[in-house]
There are 2 protein chains.
Amino acid sequence: MSGEIETLTKLLARLPGLGPRSARRAVLFLLKRREQLMLPLAEAMHAAAKAMKACRECGNYATEDPCPICTDARRDKTVMCVVEEVGDVWAFERSGAYRGLYHVLGGTLSALDGRGPEDLTLDKLVERCRPKVGDEGSVTEVILALDATVDGQTTAHYVSDRLQPLGIKVTRLAQGVPVGGELDYLDDGTLTTALKSRREV
Amino acid sequence: MSGEIETLTKLLARLPGLGPRSARRAVLFLLKRREQLMLPLAEAMHAAAKAMKACRECGNYATEDPCPICTDARRDKTVMCVVEEVGDVWAFERSGAYRGLYHVLGGTLSALDGRGPEDLTLDKLVERCRPKVGDEGSVTEVILALDATVDGQTTAHYVSDRLQPLGIKVTRLAQGVPVGGELDYLDDGTLTTALKSRREV
């Protein structure tokens, strides 16, 4: 293996879901498709790295700053959805079910990984949610869309505490049986929650 | 998702071992590490695509053509190891157990995938193995190191037939219990082969 290939393999192996072996396979795959895939991929990666910026308002990645979601006049600026990562913004946008603003925290609080409140964009969130003069376009509801994990829920509690002085309605996503989910494959926790939060039909 | 990210995700998703979801995760991972990983990776990919050539002799990828293995004066030029893919050359080189030449076929014969002898570098192999004037540096042994699959073995038979008129010794890799292999996890075929090819200790 020559130096060029070794460098490329090592860098590729750092991607999530790839290890040294699969990176090697990917490099061979690329070398066989130089014009159709390898050069376009290198070009696309370079272009994205140069063009994409983190939005100074919400933290989403976009070519503009502030991002198109923050500047879109048709979006509801009174609702703010708090998520952990940019990937969550993409997931909501794919679903098409949400037309408000976003705020990317940049992770969760985690005692284990040593991530405290100062590592998240919490101050920015509080600033964005602070009632504006004349109440024009102020945020009236914050939706906490954090992972249903221990870290996610701890973070949700913390964020909710930080927002309380502002007197804004804070909600969180419903927990229950996922659409298409089969009951006998569900874990006990989900089943218990779904039962407790049952609704009249 | 902006256009740049979509393009990058689609191209990444074509790599073996990655799908649309893992490609998206990889893109987010990259965007978070722009300077340390994303730009170096784009650069390494571009450099490798530009620098690597398929060796006109053996088919191995290298920055020089013929490749360093073909031109290495210390290597044994009387033995030629026939493999399917460049990855196999790398595997042998990693093992350090082989010091002869290689010949990359570029695949196997496959009736199912419609790959015939003309799709492989068979003519080149026969040409390379043809006895040279004065017998100086002629190949005396061809090792067929092809996969122990149906396609691999069919190809081995075919290659061996093509080489027969040259009167060269043709060998193949031993089949048997892999080093570190546990007997009760082995398939019947391997166990039968290992028993048939048993050797005195």
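1. Copies of a chain are superposed here by least squares on the C-alpha atoms of residues with pLDDT of at least 70 in both. Keep that in mind for the rotation axis: of the residues of chain B, A42(B) comes closest to that axis, at 2.2 Å (C-alpha). This is a predicted model, in which local features need pLDDT of at least 70 and side-chain atom pairs count only at pLDDT 80 or more, while totals for chains, interfaces and linings use all residues. Residues are numbered from 1 along each chain as its sequence is written, and chains are lettered from A and ligands numbered from 1 in the order in which they are written.

2. How are the chains related? Two copies of a chain are related by a rotation about an axis and a shift along it. Here, chain B is superposed on chain A by a rotation of 180 degrees with 0.0 Å of shift along the axis, and the RMSD is 0.1 Å. That is the relation of a two-fold axis. The same surface serves both copies, since 100% of the contact residues of chain B recur in chain A.

3. Now for the interface. Two residues are in contact if their C-beta atoms, placed from the backbone, lie within 7 Å. By that rule, the contact takes 42 residues from chain B and 42 residues from chain A. On the side of chain B that touches chain A, at least two residues each come from α1 (3-12), α2 (20-32), α3 (34-51), β2 (61-62) and α5 (86-95) of chain B. Those labels are DSSP runs numbered from the N terminus: helices (H or I) of at least four residues and strands (E) of at least two.

4. Which helix of chain B gives the most to the side that touches chain A? It is α3(B), with 14 residues. The residues on that side of chain B divide into 29 nonpolar, 7 polar and 6 charged. In this count Ala, Val, Leu, Ile, Met, Phe, Trp, Tyr, Cys and Pro are nonpolar, Asp, Glu, Lys and Arg are charged, and the others, Gly among them, are polar.

5. The axes of helix α1 (residues 3-12) of chain A and α3(B) come within 9 Å and cross at roughly 145 degrees. Axes are lines fitted to C-alpha atoms, for helices over the stretch in contact, and angles run from 0 to 180 degrees between N-to-C directions. The crossing of α1(A) and α3(B) is left-handed, a term used when the near helix is turned anticlockwise from the far one by less than a right angle (right-handed if clockwise). Residues of α1(A) in this contact include L8(A), L11(A) and L12(A), and their partners in α3(B) include L41(B), A44(B) and M45(B). The residues of this contact divide into 12 nonpolar, 1 polar and 1 charged.

6. Among the residues that make the contact are L37(A) and P40(A) of α3(A), along with E4(B) and I5(B) of α1(B).

7. What about the interior? A residue is buried if 20 or more other C-beta atoms lie within 10 Å of its own, exposed if 12 or fewer, and partly exposed in between, with C-beta atoms placed from the backbone. A nonpolar core is a set of buried Ala, Val, Leu, Ile, Met, Phe, Trp, Tyr and Cys residues joined through C-beta atoms within 7 Å. The largest such core has 95 residues, and those with the most contacts inside it are L12(A), M45(A), V82(A), L12(B), M45(B) and V82(B). Leaving out residues up to four places away in sequence, V82(A) touches several others, including H103(A), L125(A) and V159(A).

8. N60(A), in the loop between β1 (53-54) and β2 of chain A, is buried, with 27 other C-beta atoms within 10 Å. I69(A), in helix α4 (residues 68-71) of chain A, is partly exposed, with 19 such atoms within 10 Å. N60(A) and I69(A) touch each other. G96(B), in the loop between α5 and β4 (100-104) of chain B, is exposed, with 7 other C-beta atoms within 10 Å.

9. Finally, check the peptide bonds. Most peptide bonds are trans. A cis peptide bond joins D65(A) and P66(A), with omega about 0 degrees, and P66(A) sits in the loop between β2 (61-62) and α4 of chain A. In chain B, a cis peptide bond joins D65(B) and P66(B), again with omega about 0 degrees.
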